[in-house]
Amino acid sequence: MTYDNIHEAVFLDRPNRFIAHILLDGQTQVCHVKNTGRCRELLLPGAEIFVQRAANPARKTAYDLIAVRKGERLINMDAAAPNTVFGQWLSAGGPGFVPELIRPERVHGDSRFDFYFEHGGRKAFAEVKGVTLEEDGVVRFPDAPTERGIKHLHGLIRCVQEGFEAWAVFIIQMKGVKYFEPNRATHPEFAEALAQAAQAGVKLIALDCNVEKDSLNAADPVAIRL
């Protein structure tokens, strides 16, 4: 996926989950943060960031925060991007096949999953999570407790029990990582639910991404350690 109207800026502070103050061309601007996660290890004062100018000139915030540089690593922070990236990867035959049918946002039972697709006579549901938390090359999810994430995993387990394929997909919004693991220290219940899902037959997938200031694309499988 690609972005247009990208500008380099400097992060100043984040007064709440939704906005940040940035320095752009010598002027302080209010920027929309497209990620409600904590991202405390990314959004540090003085960090180099990349923002997208909004197409609507009447919008209250003129820019969206897209990516941030952490050391030598560029990390995409757009929380809406992982679904687009996975959808493109899936439709391009990334898993080794091209589904005959792909539908986003489908409800099954008491859960709304990001994708429903069909391939080779199989019917499948997939839930996609974006990963931005990294430490020494190890990436983890979540960066804050997520009861919604646990509900999705339980829903995927029920899908398997009912004869569907079920995928839990982690789109790692950066490149050059060692492996992915659930963030047990932050949310041990999610880690346990992920292990239960794997044992029940839910397919776990982690993909890293090639990240540029104006693009994000799925790249290579990443090892998962439970």
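User: How many helices and strands are there in the protein chain?
Analyst: The protein chain has three helices and 15 strands. Keep in mind that this is a predicted model.

User: Okay, and how compact is the protein chain?
Analyst: Its radius of gyration is 18 Å, close to the 17 Å that the globule rule gives for 226 residues, so the protein chain is as compact as a globular protein of that length.

User: What box do the C-alpha atoms fill?
Analyst: Along the principal axes, the box is roughly 60 × 35 × 30 Å.

User: What share of the residues is buried?
Analyst: Buried residues are 48% of the 226 in the protein chain.

User: Let's zoom in. Which strand pairs with strand 1?
Analyst: That would be strand 2. Strand 1 (residues 6–13) and strand 2 pair in the antiparallel sense, over three bridges. A hairpin of five residues links the two strands.

User: Which residue is the bridge partner of Asp-13?
Analyst: His-21, in strand 2.

User: And which residues are on the covered face of strand 2?
Analyst: Ala-20, Ile-22 and Leu-24 make up the covered face of strand 2 (residues 19–24). The uncovered face has Ile-19, His-21 and Leu-23.

User: What about strand 2 and strand 3, how many bridges are there?
Analyst: Six, and strand 2 and strand 3 (residues 27–33) are antiparallel. For one example to look at, find Leu-23, which stands opposite Thr-28 in strand 3.

User: How many residues lie between strand 2 and strand 3 in their hairpin?
Analyst: Two residues lie between these strands, and Asp-25 in the turn has a positive phi of about 55 degrees.

User: Moving along, where does Asn-35 lie?
Analyst: Asn-35 is in the loop between strand 3 and strand 4.

User: Is Asn-35 buried or exposed?
Analyst: Asn-35 is buried: its relative accessible area is 11%, and the cut-off for buried is under 20%.

User: What is Asn-35 in contact with?
Analyst: Leaving aside neighbours within four places in sequence, Asn-35 is in contact with Arg-14, Arg-17, Met-77, Ala-79 and Thr-132.

User: Now Ala-58: buried or exposed?
Analyst: Ala-58 is exposed, with a relative accessible area of 67%. You'll find Ala-58 in the loop between strand 4 (48–53) and strand 5 (63–70).

User: How far apart are Ala-58 and Ala-195 in space?
Analyst: They are 47 Å apart, C-alpha to C-alpha, and 137 residues apart in sequence.

User: Switching to helices, which residues of helix 1 are buried?
Analyst: In helix 1 (residues 81–91), the buried ones are Ala-81, Pro-82, Val-85, Phe-86, Gly-87, Trp-89 and Leu-90.

User: What follows helix 1?
Analyst: Gly-93 follows helix 1, and the phi of Gly-93 is positive, near 85 degrees.

User: Last topic: in what order do the three strands of the open sheet come?
Analyst: The order is 10-11-13, with mixed pairing. Strand 10 (133–135) and strand 13 (179–182) are the edge strands, each pairing on one side only. On average, neighbouring strands of this sheet are turned by 30 degrees against each other, direction ignored.

User: How do strand 10 and strand 11 run?
Analyst: They run antiparallel, and three bridges join strand 10 to strand 11 (residues 138–141). Look for Glu-135, which stands opposite Val-138 in strand 11.

How values were computed: Residues numbered from 1 in each chain as written. Predicted model: local features only at pLDDT ≥ 70, side-chain atom pairs only at ≥ 80, totals over all residues. Heavy atoms only, no water. Pairing = 2+ DSSP bridges. Helix = DSSP H or I, 4+ residues; strand = E, 2+ residues; numbered from the N terminus. Axes fitted to C-alpha atoms, helices over the stretch in contact; angles between N-to-C directions. Buried < 20%, exposed > 50% of the residue type's maximum accessible area, 1.4 Å probe, protein only. Rg over C-alpha atoms; globule rule 2.2 N^0.38 Å. Contact = heavy atoms within 4.5 Å.
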